[in-house]
Amino acid sequence: MPIRLFSGLLLLCVCLDAAAGDLYAAINRLRANEGGCVAAPGLAPLRPQAALERIARELSQGISRQKSLRDAGYNAARFSSLSITGSAVGAVPAGTLVEQNYCRELQDAAMTEVGVYRDMHQIWIVMAAPIVPHVPQAGYSGNMPGMRILDLVNQARATPRYCGNSRLDAARPVRWNDSLAEASRRHAEDMARYGYFSHNGRDGSEPWDRIQRAGYRYRSMGENIAAGQRSPEDAVAGWISSPGHCANLMNPVFTEMGAAVAVNTRSSFGRYWTQAFGVPH
């Protein structure tokens with residue numbers, strides 16, 4: 001029976017008071033395994049974002065998330081909010097309270113930005129990843145982005161790494177396959193044109209259906225997708241940070257790969273990335 005593996009992923013000047021600055025630092029220390037939270041290796045620090053500070057403040061006032069996002073002009077591909085209230089606020093260091101309550105939530109590798117609000121009675125933390133709809137066209141012709149992804153994937157496979165909590169050995173490099181690239185291109189373009197993000201195509205197709213349509217006969221296959229990333233480097237970094245995507249990328253069974261990006265600046269995410277792995281029949 002064929003083996004199928006796939007996984008899908010989604011500046012303003014910031015002026016901080018001392019207390020908020022300490023909380024930002026505490027959050028990033030916890031993401032970096034420098035506190036009591038057991039963090040996944042390689043989590044990037046969150047960037048303070050003024051718009052998210054405003055949203056955190058408005059959430060503390062009971063304003064809805066949808067209205068706060070709209071009024072702040074922040075288009076979020078991913079979003080979460082955390083809050084702590086009660087007598088401990090003001091009596092216990094904010095970083096300690098966050099560590100005690102929200103270790104798991106802070107480990108979301110898809111989040112890139114953060115905003116905090118605190119007063120004597122409450123702490124609000126907003127984490128998000130913005131949608132970046134504008135895409136420069138230079139460098140996005142033909143197979144160039146896909147070939148860059150191939151280079152980055154083989155660099156990653158050359159080194160043992162943790163995918164989540166699983167340690168995976170280094171794997172042999174994969175080689176480029178035009179049929180896998182064609183299947184990736186078609187799916188990326190369909191997602192970009194119609195503004196959806198899924199392993200399931202609009203026609204009901206699954207990843208293995210699409211590579212077969214492109215002429216690839218397989219013994220095993222896998223697919224990674226991503227949306228909104230600015231560059232091949234960002235797309236691959238996101239896959240490496242996500243356990244399921246990372247396991248696909250490091251799978252020693254796979255011998256071939258194709259990848260593509262499609263652009264639609266009027267869509268929700270702007271860029272749509274698809275990466276297909278395979279072992280030929």
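This is a predicted model: local features need pLDDT of at least 70, side-chain atom pairs count only at pLDDT 80 or more; totals for chains, interfaces and linings use all residues.
Exposed here means over 50% relative accessible area, buried means under 20%, and partly exposed is in between (1.4 Å probe, protein chains only).

Residues are numbered from 1 along each chain as its sequence is written, and side-chain values use heavy atoms, leaving out hydrogens and water.

Now for the charged pairs. A salt bridge is a side-chain nitrogen of Lys or Arg within 4 Å of a carboxyl oxygen of Asp or Glu, and the count comes to 13. Three of them are below.

| Pair | Closest N to O distance |
|---|---|
| Arg185 and Glu189 | 2.7 Å |
| Asp203 and Arg213 | 2.7 Å |

Asp203 sits in the loop between helix 6 and helix 7 (207-213) and Arg213 in helix 7, so this pair ties together parts ten residues apart in sequence. Helices are DSSP runs of H or I with at least four residues, and strands are runs of E with at least two, numbered from the N terminus.

Arg148 is in helix 5 (residues 144-157) and Glu233 in helix 8 (residues 232-241), 85 residues apart. Arg148 is partly exposed at 31%, and so is Glu233, at 36%.

Glu189 and Arg185 both lie in helix 6 (residues 178-194), about one turn apart. Glu189 is partly exposed at 39%, as is Arg185 at 31%.
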